[in-house]
Protein chains: 2
Amino acid sequence: MLHKVDDILSKHALRRTAFRQELLKIFIESGSRALSHTDIEEALGDHDRITLYRTLKSFQDKGLIHEAVDGGKDTKYALCQNQCDVHHHIDHHPHFLCESCGVTYCMDEIKIPDFDLPRNYTLKGMHLALSGTCASCSKV
Amino acid sequence: MLHKVDDILSKHALRRTAFRQELLKIFIESGSRALSHTDIEEALGDHDRITLYRTLKSFQDKGLIHEAVDGGKDTKYALCQNQCDVHHHIDHHPHFLCESCGVTYCMDEIKIPDFDLPRNYTLKGMHLALSGTCASCSKV
DNA sequence: TATCTTTATGAAACAATGTTGCATAAAGTA
DNA sequence: TACTTTATGCAACATTGTTTCATAAAGATA
């Protein structure tokens, strides 16, 4: 695991510090679930608030994580799947916020369908934020 | 105008206070442009910050305005077109954030296309947040 | 390994944003 | 008008995010 973590860090030109290794590990373990600031703070245990803000920003800038826009009030972050780097993010999958358990999922397998934009508008970014009840909560 | 404003307020069971009349007027004048907290504060001139927070919440609860999820960091609000009320919001149009001028537009004329959700997920809400260059900024 | 340069960390102080409680004022109602 | 309900304005508080700066650690070089 530490090897995988270090691999990702160096691939994205990020120095391998203890904090970054730990944070990245948390993201990897969370899979397609996006993490809020609070989620991360709990997972980290004792840590420095400011360093977390800065590390999240670095991770985002370098293309390791993306902001999961889910329409909720907390900003959440999730691992990028692959080809994101410092130059561009390609995170065009929907995010689903479960109103029951509060978890946000990256729906990597779903493609956002095409649609027509009014004349003279140029599209660069796109977020589809869904909400409702997730599979686990539906079963109960 | 004041007549129209009062009409809307009473239709949504909101007392007609000077503050609400003024705020609603600002929203009506902004048309399909969504307003950030800052936009509103500037338009209002001298006012009470807390009352603004509370009035925005009332307007939202009663179905006068909706939050325009645009993927940006400032929350923005825009007038609901019609059939929203205290029971439900029906604001399923995309929002477009112009990266050049910072304005967010409600794209009421565009319908968010359908897509398939994984098994056992129930969809309740939906936001399509677009960004890029708006028509006015493209022309320059 | 020892040294140097660059970048990250941690702490304090600050700034911005949003919330709660409460007394007063105003709106709607009889 | 008197009465009831709701909104306003203020203070105090809580939360969230940012800036500055000295120190520590990482990566590079010899």
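**Figure 1. Contacts of chain A with DNA strand D.** In this view, an N or O atom in the side chain of A:Tyr53 lies 2.7 Å from a phosphate oxygen of DNA strand D. This is a predicted model, in which local features need pLDDT of at least 70 and side-chain atom pairs count only at pLDDT 80 or more, while totals for chains, interfaces and linings use all residues; side-chain values use heavy atoms, with hydrogens and water left out. Residues are numbered from 1 along each chain as its sequence is written, and chains are lettered from A and ligands numbered from 1 in the order in which they are written. A polar backbone atom of A:Arg16 is 2.9 Å from a phosphate oxygen of DNA strand D. A base oxygen of DNA strand D is found 3.0 Å from a polar side-chain atom of A:Arg49. Polar contacts are pairs of N or O atoms within 3.5 Å; within protein, one atom must be able to donate a hydrogen and the other to accept it, and residues adjacent in sequence count only if both atoms are side-chain atoms.

**Figure 2. The protein surface near DNA strand D.** DNA strand D is surrounded by 15 residues, the closest being A:Arg16, A:Tyr53, B:Thr17, B:Arg20 and B:Arg54. Of the atoms of DNA strand D that come within 4 Å of the protein, 54% are accounted for by sugar and phosphate. A residue is near a strand if one of its heavy atoms lies within 4 Å of it. At least two residues of this surface are supplied by each of helix H4 (49-61) of chain A and helices H2 (18-30) and H4 (49-61) of chain B. Helices are DSSP runs (H or I, at least four residues), numbered from the N terminus. The surface near DNA strand D has 8 charged, 4 nonpolar and 3 polar residues. Here Asp, Glu, Lys and Arg count as charged, Ala, Val, Leu, Ile, Met, Phe, Trp, Tyr, Cys and Pro as nonpolar, and the others, Gly among them, as polar.

**Figure 3. The protein around DNA strand C.** Among the 15 residues around DNA strand C, those that come nearest are A:Thr17, A:Arg20, A:Arg54, B:Arg49 and B:Tyr53. An N or O atom in the side chain of A:Arg20 is 2.8 Å from a phosphate oxygen of DNA strand C. Base oxygens of DNA strand C lie 3.0 Å from a polar side-chain atom of A:Arg15 and 2.9 Å from a polar side-chain atom of B:Arg49. Two or more residues of the surface near DNA strand C come from each of helix H2 (18-30) and H4 of chain A and H4 of chain B. By class, this surface has 8 charged, 4 nonpolar and 3 polar residues.

**Figure 4. Packing of H2(A) against H3(A).** Helix H3 (residues 37-44) of chain A packs with H2(A) at an angle of about 120°, their axes 10 Å apart. Axes are lines fitted to C-alpha atoms, for helices over the stretch in contact, and angles run from 0 to 180 degrees between N-to-C directions. A:Phe19, A:Glu22, A:Leu23, A:Ile26 and A:Phe27 of H2(A) meet A:Ile40, A:Ala43 and A:Leu44 of H3(A), where contact means heavy atoms within 4.5 Å. This contact has 7 nonpolar, no polar and 1 charged residues.
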